[in-house]
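Here is a short report on one protein chain.

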Amino acid sequence: MCELFGEDLDAAVAAVVGIAAEADTTPRDSKAFFAAPAGGKSYFFRPSTSWNDGGPLIERFGIEIEPDGHDSWSAFVGTTWGGNERCGWQASGFGPTPLIAAMRALVEWKTPNVEVTCPQGRKGL
């Protein structure tokens, strides 16, 4: 189960969706993470906290999100249905927010038996 959070989770998401990324080495109050799409301008990529980054991935990969009790969320990817009931899924993720749960599910789905590595300059996951 993926339990990454913050920049480590964002770096893992970038890696599994094929976005070239690097750590921001500029000193600041909160750590940042840069992504650089091919031929594009670098930008902050924070899919676990920004709906602008995470929302399109949820839609692209068909990630289902639902509340899971007290201040927690569940997300499912690769769901199979039997009538109106979820019969199974290929990966799931859990977290304190919908985006964290969804991004954890995405990383788990894309890397079920693979160790995800961080961009150069980041600690290992």
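## Overall fold

Two residues are in contact when heavy atoms lie within 4.5 Å. Among contacts in the protein chain between residues at least 6 apart in sequence, 45% join residues at least 24 apart. The model is predicted.

The protein chain has three helices and eight strands. Along the sequence they run α-β-β-β-α-β-β-β-β-β-α. The chain holds 125 residues, and 42% of them count as buried. Its accessible surface comes to about 7,300 Å². Carbon and sulfur atoms account for 50% of that surface.

## Nonpolar core

In soluble globular proteins, nonpolar side chains tend to be buried together. Here the largest nonpolar core has 24 residues. Those with the most contacts inside this core are Leu9, Val13, Leu57, Ile63, Met103, Leu106 and Val107. Four elements, α1, α2, β5 and α3, each give two or more residues to the core. Helix α3 supplies the largest share, eight residues.

Setting aside neighbours within four places in sequence, Leu9 contacts Cys2, Leu4, Ser48, Ile100, Met103, Arg104 and Val107. Met103 and Val107 are also among the core residues with the most contacts inside it.

## Helix α2

Helix α2 spans residues 51-61. Its buried residues are Asp53, Gly54, Gly55, Leu57, Ile58 and Phe61. An α-helix has 3.6 residues a turn, so residues three or four places apart point the same way. What covers the buried residues of α2? The cover includes two helices, α1 (6-16) and α3 (98-110). It also includes strands β3 (43-44), β4 (64-67) and β5 (73-77).

Now look at the ends. Ser50 caps the N-terminal end of α2. A side-chain oxygen of Ser50 lies 3.2 Å from the backbone nitrogen of Asn52. Just after the helix, Gly62 takes a positive phi of about 60 degrees.

Asp53 sits in helix α2. This residue is buried, yet has no salt bridge. Which side chain of opposite charge is nearest to Asp53, and how far away is it? The answer is Arg46, at 6.9 Å.

What does Asp53 touch, not counting residues up to four places away in sequence? Its contacts are Tyr43, Phe44, Phe45, Arg46 and Pro47.

Technical notes. Residues are numbered from 1 along each chain as its sequence is written. This is a predicted model: local features need pLDDT of at least 70, side-chain atom pairs count only at pLDDT 80 or more; totals for chains, interfaces and linings use all residues. Side-chain values use heavy atoms; hydrogens and water are left out. Buried means under 20% relative accessible area, exposed over 50%, partly exposed in between (1.4 Å probe, protein chains only). A polar contact is a pair of N or O atoms within 3.5 Å; within protein, one must be able to donate a hydrogen and the other to accept it, and residues adjacent in sequence count only if both atoms are side-chain atoms. Lys and Arg count as positive and Asp and Glu as negative; His and the chain ends are not counted. A salt bridge is a side-chain nitrogen of Lys or Arg within 4 Å of a carboxyl oxygen of Asp or Glu. A nonpolar core is a set of buried Ala, Val, Leu, Ile, Met, Phe, Trp, Tyr and Cys residues joined through side-chain atoms within 4.5 Å. Accessible areas come from the Shrake-Rupley method with a 1.4 Å probe; for residues, only the protein chains shown count as cover.
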